[in-house]
Amino acid sequence: MNLQIPELSVVLLVGASSSGKSSFARKHFLPTEVLSSDTCRALVSDDEHDMSATSDGFDLLHHLAGIRLKRGRLTVIDATNVKREDRKVLIDLARSQDCLVSVIVFDLPEGVLLARHRARTDRDFGAHVVRNQLSSLRRDRRGIRREGVHRVWFLDSEEAVDAVTIERVPLWNNRREEHGPFDIIGDIHGCYDEMVELLDRLAYVRTGSDEAPSAHHPEGRKALFLGDLVDRGPRSPDVLRLVMGMVAQGTALCVPGNHDVKLVRKLHGREVKITHGLAETLAQLEGESDAFRARIAEFVDGLVSHLILDDGKLVVAHAGLKEAFQGRGSARVRQFCLYGETTGETDDYGLPVRYDWAREYRGRAKVVYGHTPVPEAEWVNRTICIDTGCVFGGTLTALRYPEEELVSVDAARVYYEPARPLRPPDARAGSDLLDLDDVSGRRHVETRLGRAVTVDLEHAAAALEVMSRFAVDPHWLVYLPPTMSPSETAPKDSPLLEHPREALSYFRKAGVAQVVVEEKHMGSRAVLVVCRDPAVGPRRFGVVKPGLGVVTSRTGRPFFRESELQHALLDRVRQGFEDSGLWEELGTDWVVLDAEIMPWSAKALELLRLQYAPTGAAGMSVLTRAAALLEQAAARDPSAAELSAATRERLAAVEQYREAYRRYCWEVSGLDELRLAPFHLLASEGRVHTDRDHTWHMETLARLASTGDPLFVATQYRVATLGDEESEAQVIAWWEELTSAGGEGVVVKPLGWLARDRKGLVQPALKCRGAEYLRIIYGPEYLLPRNLERLRSRGLSRKRSLAIRELALGLEALHRFVEGEPLYRVHECVFGVLALESEPVDPRL
Amino acid sequence: MLLTITTTTAPATDLGYLLAKNPGRTHSFELTFGTAHVFYPEATPERCTAALLVDIDAVGLVRGRPRNEDAPLAAYVNDRPYAASSFLSVAISRVFGTALGGRSRERQELADTPISLVATLHALPCRGGTGVVHRLFGPLGYTVEVEQLPLDPAFPGWGASRLHDVTLTGTCRLADLLTHIYVLVPVLDDQKHYWVGDDEIGKLLAHGEGWLAAHPERELIVERSLKHRGHLIRGALAQLLDEDAVEPPDEVEADAGEDALERGLSLNNQRLATVHRILSEAGAMTVADLGCGEGKLVGRLSRSSKFQRVLGVDVSVRTLERARQRLNPERMPAKIAERVTLLHGSAIYRDARLADLDAICLVEVIEHLDEDRLPALEAAVFGAARPRLVIVTTPNADYNARFENLPTGRFRHADHRFEWSREEFAAWAEGVATRQGYTVRFEPIGPVDEALGAPTQMGVFSR
């Protein structure tokens, strides 16, 4: 006997002890698919025959079964299951997970069982137990079919058991092998003319006769109708005829709508209320034949409530479908597909309030649905409702998949007055609300740079506070930059801590052919999201208020306290893009930039006042006086000479320290004194620009400075060929020149952004800071030999590992944003960067 | 750090005997945190100056220091290696131990005699400004000269630093001068580099013998010496004044500004009482306090059996930990403890744990969020969690005019992102109510000013 078992179902094995259930399960199923009551009993008591552990053992079995079913795994229950109440618990469990139940009953002759029982040495109960189980089974045997199960098979002999083959069959809704491309069409409601116009627009060719019309797409595309073909509109029978023709010909797929189902109930002679436009359909059908009406009933009855398509990447259902129900089969799932869910409340029009499942949708599959008319089809968390209310005078909309283009035709007129106004657009505000589950706990974020990044629970917890209280609106926060490691520490014989030799050597060893060496500006790191006009914010970024963008620090906080200053700066940048023609050239109305904003003192004034300046003031006061006193002392006491010299050296160090920070400070009263040095043009509409080398970024962004606006500073850079001694010597000389003039140093990057060696991604950038600048980081006296010697022992591996993980997350966020992914998918990555930033690492690196 | 001590009492070079350091040469001492040097710039019978220069090993010092989130480099670049601080006090006790104790092997009589002395402290950080230096050293009989150092002469706009060069002139025993410096330098700095425990009381009282009890600023000295640790301060003052119990001195901290402003009104209690009353009147049995802080409202509600479930939610893990310590559920009666749950969460993320509650309270929370995050709060609280009742309290900006200590245009708390007038609050609240299907009514909290309203305004949303 061939048993066709649905690929996702609970398989109940039913039979007395010694029926051979376990051997059967071993033969036909994976060991992990089989949950055995004996095993569970043993797991909780160390003894599979300990009957006192039966109840706890079953608790465990139910728990495991529940988890497996939630995850969509076929589950075989190997227990006697001879009593109705035992089966009921398992059937209820399957139902609560919207899974079908298949039952295989082992009803072998008593003699066979008792002979087997006697032959076994691992059973310490008497033969009466087997006899009792058998009689329980036989008492209820005939009723099993009525226990709410999908299929029951009876195996009455050893031969029958041996002859079984198992075939796993897909559920009806599983059409993963259908890859389209599709043209998904929303609620038609009898609007035949609009439907035909839309099909024409989509380049379908109509064929067949008036009685048996059909249509097909010359490129083999398939139409996909979302149901509610009938009611309210003028030509429901014609709509049905064409859809049925296309489905029969295999040029279309269709899911049922609540109106279609109700019509068919009426056609079957059931009692239904003739409301919501059913009367119109019935009147139109009066002119049709009984045979046609019968065909309608057969067609709708044969429709599956939802379809899983394109390897599971696409789900369609009339009223949409939440993730937990996708690919499941139960009455509850069918109800959801047809009607959606309601909250139990009613609105001002007395109509039930729909549960807005799309707001909470976090599934991988895209869900396309209709049912609720909306003024405009909009993506919400990978779902889209394309019922644009044609019959109410709106439009009939198709979604081309996988292109995700919307094609609409206007309704010729209002065919039916809606009971309530179509949902106004602003009712969708908050529909992309982030969920705590999107960010909290230990997380693994998949990134396209080929590695999943793990974010630990405690770091995520720290990031939640920063994100909630200090960061800008997550809608704007589409990127956070990775941390940057310094080059390896210079060797012992060097008088310095950092030198570009080490950075060049790192990339040379990693097999990078060319690097870009960029001047490192000493200001404050900023990420800018710049919009061409204020309307771009709400449309592209989903913010509530129109705005030109945002300027954030490297931890996502507002860069400027005064929003007027931010606006003024963004306006100038926007103008810079206008004047340099970059908006047009890039084909975008927004960009994301990585930049440095100078002077340092503009952002760091508080730090200067609390930390840097007092250090200098205290050092100067004490050491100036001490040096003078020691000179006096040394004049009469030779033993003071050594201390005197050392103190003069310390005084010089503090003087140099003061000079070092002073270079990065100037008074700022407004935008006029600020300077912006953008160095990465990270992304614009349709593209993340990390596939272009750094020369492109440098040259493109230099065009902003060429507009003549003094706000913009072009970053100086050199390209070095690694292994070419002269080329390397040139950039080293340049570094010496820059840093001896007080520059902060340089950043060395692989010319092509991303480089890999055999261990994976290479550092995207290494900084090489100048000796004087580092006084601000390591303290005024760090270069004194006794200090430098100790400071050389610094570990870079943690910092570098963070840099790679943050890079992977940051770029992933940008890619997801560019691809139009929902907010929570972008936010997950950005949040991850912030969480990683709370990992402790030496802040001097 | 640098301390110089000069005497003109002849023979001045006897200063070397008092300090037990020969004026003829330079002395160095290894300390755990660096090296102390003693040298004499001048040593004549008429005038002798000893200098104590402490060279802090800044690189060695920072290992294992806790991290300051806002200024991660503060542990590495700071004024500690140079400024006069508790390091100087420790150096005095190590290097000038006998002199500090008033003992001298060769010149005990001189050690017991007041002589003319001038001490100069360089880069002495003074919390509270120049006046505090005078208030601390003046009553001890010194002529005090103070020069406040600019933060950076190249940037006059940055203003003055809290560092001062201080000169003390007086006639007293050397031991007195050293003791005063030993005790008062960390007080002025208001920091100590080491852990302050119970034994610090003993040290303070020993060094303060004979002068501290009568010092007009003794409370300040005790408080800062003991690092503002309440129970230590009370213990020390009690011993000092020979009393059983002493009221703790009022903290006049800048960061407690909002509480200080509103304290006279005991607004916080009134807020909690009002919220409690409204919850009771509405018959709410399951309640969440979003932004519960240290759990005052949660504690209050948990003591009433009318509330079956009380959730305290805060976005800060540290704050929540403090709430846990304060409420201490393990030591509550089991019946109360089982009603209380503290959760880490955020008011601007949807949180399934907040579904199906009767009420959510946002007491003095919304003004701590940037205004552009309020739509998310609205969606999370009113749209997703959707309790029957939402209570929102926030400062009434109209009333700020009544706070004399609050400059116009400033907020009551440094972290407030906005403070709304009654009109602004009403506009927001009514918008929320309309969009989310609630009705809202308003109530004042605190004394009502005819024209300006009450200091706190409250919106009660129900559906």
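Of the 463 residues of chain B, 44% count as buried, a residue being buried if 20 or more other C-beta atoms, placed from the backbone, lie within 10 Å of its own. This is a predicted model, in which local features need pLDDT of at least 70, side-chain atom pairs count only at pLDDT 80 or more, and totals for chains, interfaces and linings use all residues. Residues are numbered from 1 along each chain as its sequence is written, while chains are lettered from A and ligands numbered from 1 in the order in which they are written.

**Confidence**
- The model scores ipTM 0.84 and pTM 0.86.
- Chain B has a mean pLDDT of 89, and 93% of its residues reach 70 or more; pLDDT is the predictor's confidence in each residue, from 0 to 100.

**Shape and contacts of chain B**
- The radius of gyration of chain B, taken over C-alpha atoms, is 29 Å, whereas a compact globule of 463 residues would have one near 23 Å; the globule rule is 2.2 Å times the number of residues to the power 0.38.
- The C-alpha trace of chain B spans about 90 × 50 × 45 Å along its principal axes.
- Among contacts in chain B with a separation of 6 or more, 69% join residues 24 or more positions apart; two residues are in contact if their C-beta atoms, placed from the backbone, lie within 7 Å.

**Domains of chain A**
- Domain 1 (2-169) and domain 2 (174-426) are among the domains of chain A, with bounds from an automatic or database domain assignment.
- The centres of domain 1 of chain A and domain 2 of chain A, taken over C-alpha atoms, are separated by 42 Å.
- In chain A, 6 residues of domain 1 are in contact with 7 residues of domain 2.

Terms used:
Buried ≥ 20, exposed ≤ 12 C-beta atoms within 10 Å, placed from the backbone.
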